[in-house]
Amino acid sequence: MPLHTKQFFDDVLQLPFDGTVVGDAFYATFGSGSPLRLRIDFASTITHGEYGGLRLTVVHAEQGAIDTAILSFADHHTFARRDARLDIAPGGSGYSTFRDWHTQRSEPPWKGADGAELSQAIEQYAEVWFPGSSGRPPVPGRGARPTAHAAPGLGRGGRRTR
């Protein structure tokens, strides 16, 4: 069953930055000439076809993934209303997850998701790597913020240098 990824990002998350959906992942670029991209895709659980959150990955055009974070649906109350309505308790099967097992269904498997807290967490993560990405003015009293850059490389022998 399709995950309706574009619809999830457009309707549920409504992120303040531009991006495109390729397959089951959302890709965002910030600033022309930056080698960094933000990739967001569904994070699967240990059960095949079940998703428990979103995986955010900062990808460098030449060096590949340089940072990854998982935002769980449970931590961000994405399915709290749905689970309360269905009387699914924490630890119960299907709690704060969605499954793509039912091929007969026409609606998205994540129907009933509330993306407000999740969207806010994604914006905060993006601000760390891509300052100004949320379109909000900087917080008064804070100095200049560093710009996005590549992660430090490894020294000789595969160990980090100090």
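S4 and S5 form a hairpin with 3 residues between them. They belong to a predicted model, in which local features need pLDDT of at least 70, side-chain atom pairs count only at pLDDT 80 or more, and totals for chains, interfaces and linings use all residues. Residues are numbered from 1 along each chain as its sequence is written, and side-chain values use heavy atoms, with hydrogens and water left out.

**Overall layout**

- The chain has 3 helices and 6 strands. Helices (H or I, at least four residues) and strands (E, at least two) are DSSP runs, numbered from the N terminus.
- Along the sequence, the pattern reads α-β-β-β-β-β-α-β-α.
- The chain has 162 residues, and 37% of them are buried. Buried means under 20% relative accessible area, exposed means over 50%, and partly exposed lies in between (1.4 Å probe, protein chains only).
- The accessible surface comes to about 10000 Å². Carbon and sulfur atoms hold 50% of that surface. These areas come from the Shrake-Rupley method with a 1.4 Å probe; for residues, only the protein chains shown count as cover.
- Take the contacts between residues at least 6 apart in sequence: 48% of them join residues at least 24 apart. A contact means heavy atoms within 4.5 Å.

**Strand pairing**

- S4 and S5 run antiparallel, joined by 8 bridges. Two strands pair if DSSP finds at least two bridges between them.
- Valine 59 has alanine 65 in S5 as its bridge partner.
- Strand S1 (residues 19-22) runs antiparallel to S2, with 4 bridges. Valine 22 stands opposite alanine 25 in S2.
- The hairpin of S1 and S2 has 2 residues between the strands. Glycine 23, in the turn, has a positive phi of about 65°.
- S2 also pairs with S3, in the antiparallel sense, over 5 bridges. Here alanine 28 stands opposite leucine 38 in S3.
- The S2 and S3 hairpin has 6 residues between its strands. Glycine 31 takes a positive phi near 75° there.

**The nonpolar core**

- The largest nonpolar core has 32 residues. Such a core is a set of buried Ala, Val, Leu, Ile, Met, Phe, Trp, Tyr and Cys residues joined through side-chain atoms within 4.5 Å.
- Phe8, Leu13, Phe17, Leu38, Ile40, Leu54 and Ile122 touch the most other members.
- Helix H1 (5-13), strand S2 (25-29), strand S3 (36-44), strand S4 (50-60), strand S5 (64-72) and helix H3 (116-129) each supply at least two core residues. H3 gives the most, with 6 residues.
- Leucine 13 is in contact with Phe8, Leu54, Gly115, Leu118, Ser119 and Ile122, leaving aside neighbours within four places in sequence.
- In soluble globular proteins, nonpolar side chains tend to be buried together.

**Aromatic rings**

- The structure holds 13 aromatic pairs. Rings of Phe, Tyr and Trp (its six-membered ring) pair if their centres lie within 6.5 Å; planes under 30 degrees apart count as stacked, over 60 as edge-to-face and the rest as tilted.
- One aromatic cluster is formed by Phe8, Phe9, Phe26, Phe42, Tyr51, Phe73, Phe79, Phe98 and Trp110.

- Threonine 57 lies in strand S4 and is buried, at 9% relative accessibility. Not counting residues up to four places away in sequence, threonine 57 touches Arg37, Leu38, Arg39, Ala65, Asp67 and Thr68.
- Threonine 57 and aspartate 41 are 16 residues apart along the chain. Their C-alpha atoms are separated by 8.6 Å.
- Serine 96 sits in the loop between H2 and S6. Its phi is positive, near 50°, in a residue other than glycine.
- Serine 96 is buried, at 4% relative accessibility. Among the residues that serine 96 touches beyond four places in sequence are Tyr51, Phe73 and Phe79.
- Histidine 77 is in the loop between S5 and helix H2 (80-85). Histidine 77 is not a glycine, yet has a positive phi of about 55°. Its relative accessible area is 44%, so it counts as partly exposed.

**Confidence**

- The mean pLDDT of the chain is 82, and 78% of residues reach 70 or more. pLDDT is the predictor's confidence in each residue, from 0 to 100.
- Among the elements, S5 has the highest mean pLDDT (96) and strand S6 (residues 98-99) the lowest (86).
- Over residues 142-146, pLDDT stays under 50, and the model has 3 contacts for them beyond four places in sequence.
- Over residues 154-162, pLDDT also stays under 50, with 6 such contacts.
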